[in-house]
Amino acid sequence: MIPFVDLKAQYRSIKDEINVALDEVLENTSFVLGPAVARFEEKFAAYAGAKHAIAVNSGTSALHLALLAAGIKPGDEVIAPAMTFVATVAAINYVGAKPVLVDIDPVTYNIAPFKIEELITKNTRAIMPVHLYGQSADMDPILDIARRRNLVVIEDAAQAHGAEYKGRRCGSMGDISGFSFYPGKNLGAYGEGGAVVTNRDDLAKTVRMLRDWGQEKKGVHVLKAFNYRMEGFQGAVLGVKMNHIEAWTEGRRRAAATYNRLLRGVPGIALPAEMPYARHVYHVYGILVKNRDAVAHELQDAGIGTNVHYPNPIHLQPCLSELGHKRGDFPNAERLADEELSLPMYPELTDEQITQVAAALGAALNA
Ligand SMILES: *Cc1c(COP(=O)(O)O)cnc(C)c1O
């Protein structure tokens, strides 16, 4: 059996460090925020190449607060890709703004920059690129449009811990960004977690207040706000994991390189393209294959777990029918939804296991 993800392998390798860190939280009863969370915030800001990281209770909350702090309001329009996890667009809905969808690039699977400008109206306030699967969106043209048209850039970096664009870290290039520490993400808590990252002092101050009931000081609630605080245990776990994230990222990149070597030239599939500007961190190693569901079944029968990211593009989600889209509106997003197959991917995956997956995939394609 080769599962799609194996969180246990990583836990076993850091069990002793985790126990020490959790014990400390128990001993000083700092169950919400507290020193472990503060230490993690410092480490994560440095890792993301930005001045501030504010830890919250999920990636979705991080995006919500990023949009609020950036001043996005009801009636505003936010440009976002048609292929992403639903939370990107949900966060836009939370602040009462309207998502305006763009198709993705057929090679990078990220928002197609040259399609953005024609969608800008007098109500457009922000562009929200998603670094899908762990590869940076093509940020320079996006930042250029934002500068010229006076728009805010909010990065959805939920899948892109440590990913780079021309040497700059994902989450540090726009005005503000959101990360997720959902257990299956490249940096995963042992529960829910997220962080807002920004270089802007004003936005950081607002987000710190928004996550903790809008308090400027204890008992003085300046903003109508939320309980989006990170738990002490999650800060402790994530703090330990920061000591290993680079090694794990390199593990993912090695696994991806091994897949690429074994699968290059196999007819009937498309491999992920790592762009020259990118350090891809392979949250997802996704291939495209025409008879995707049948191939997934064959692999399942061979004991190999797979996944699909994501079986429905945003514009065809029932909860977003009010946007008035139909099949055919964003063909590249639709192709990904129909053909993407995520192969097992985690840092501990051995070359031997990858060889088994590649062999089983070859057999499934010929079945
Ligand atoms: C995981 C994810 C989110 C949401 O993060 P949660 O921590 O699950 O709330 C948002 N956007 C993208 C692209 C994601 O992959």
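Modeller: Before turning to that part, a convention on charge is needed: Lys and Arg count as positive and Asp and Glu as negative, while His and the chain ends are not counted. On that basis the chain, which is a predicted model, carries 38 positive and 42 negative side chains. The centres of these two sets lie 4 Å apart.

The setting comes next. Eleven helices and 15 strands form the secondary structure of the chain. The radius of gyration is 20 Å, close to the 21 Å that the globule rule gives for 367 residues, so the chain is as compact as a globular protein of that length. Along the principal axes, the C-alpha atoms fill a box of roughly 65 × 55 × 35 Å. Of the 367 residues, 56% are buried. Among contacts with a separation of 6 or more, 70% join residues 24 or more positions apart.

Is alanine 160 buried or exposed? Its relative accessible area is 0%, and a residue counts as buried when this value is under 20%; alanine 160 is therefore buried. Leaving aside residues up to four places away in sequence, alanine 160 touches His131, Gly134, Cys170, Phe179 and Val281.

Strand E6 belongs to an open sheet of three strands with the order E7-E6-E13 and antiparallel pairing. The edges of this sheet are strand E7 (168–169) and strand E13 (278–279), each of which pairs on one side only.

Leucine 343 is 183 residues from alanine 160 along the chain, and their C-alpha atoms are separated by 18 Å. Residue 343 falls in strand E15 (340–343), an edge strand that pairs on one side only, as does strand E12 (269–270). These two strands flank E14 in an open sheet of three strands, ordered E12-E14-E15 and with antiparallel pairing. Strand E14 covers residues 285–289 and pairs with E12 over two bridges in the antiparallel sense. In that pairing, alanine 270 stands opposite leucine 288 in E14.

How values were computed
Residues numbered from 1 in each chain as written. Predicted model: local features only at pLDDT ≥ 70, side-chain atom pairs only at ≥ 80, totals over all residues. Heavy atoms only, no water. Helix = DSSP H or I, 4+ residues; strand = E, 2+ residues; numbered from the N terminus. Rg over C-alpha atoms; globule rule 2.2 N^0.38 Å. Buried < 20%, exposed > 50% of the residue type's maximum accessible area, 1.4 Å probe, protein only. Contact = heavy atoms within 4.5 Å. Charge placed at Lys NZ, Arg CZ, Asp CG, Glu CD. Pairing = 2+ DSSP bridges.
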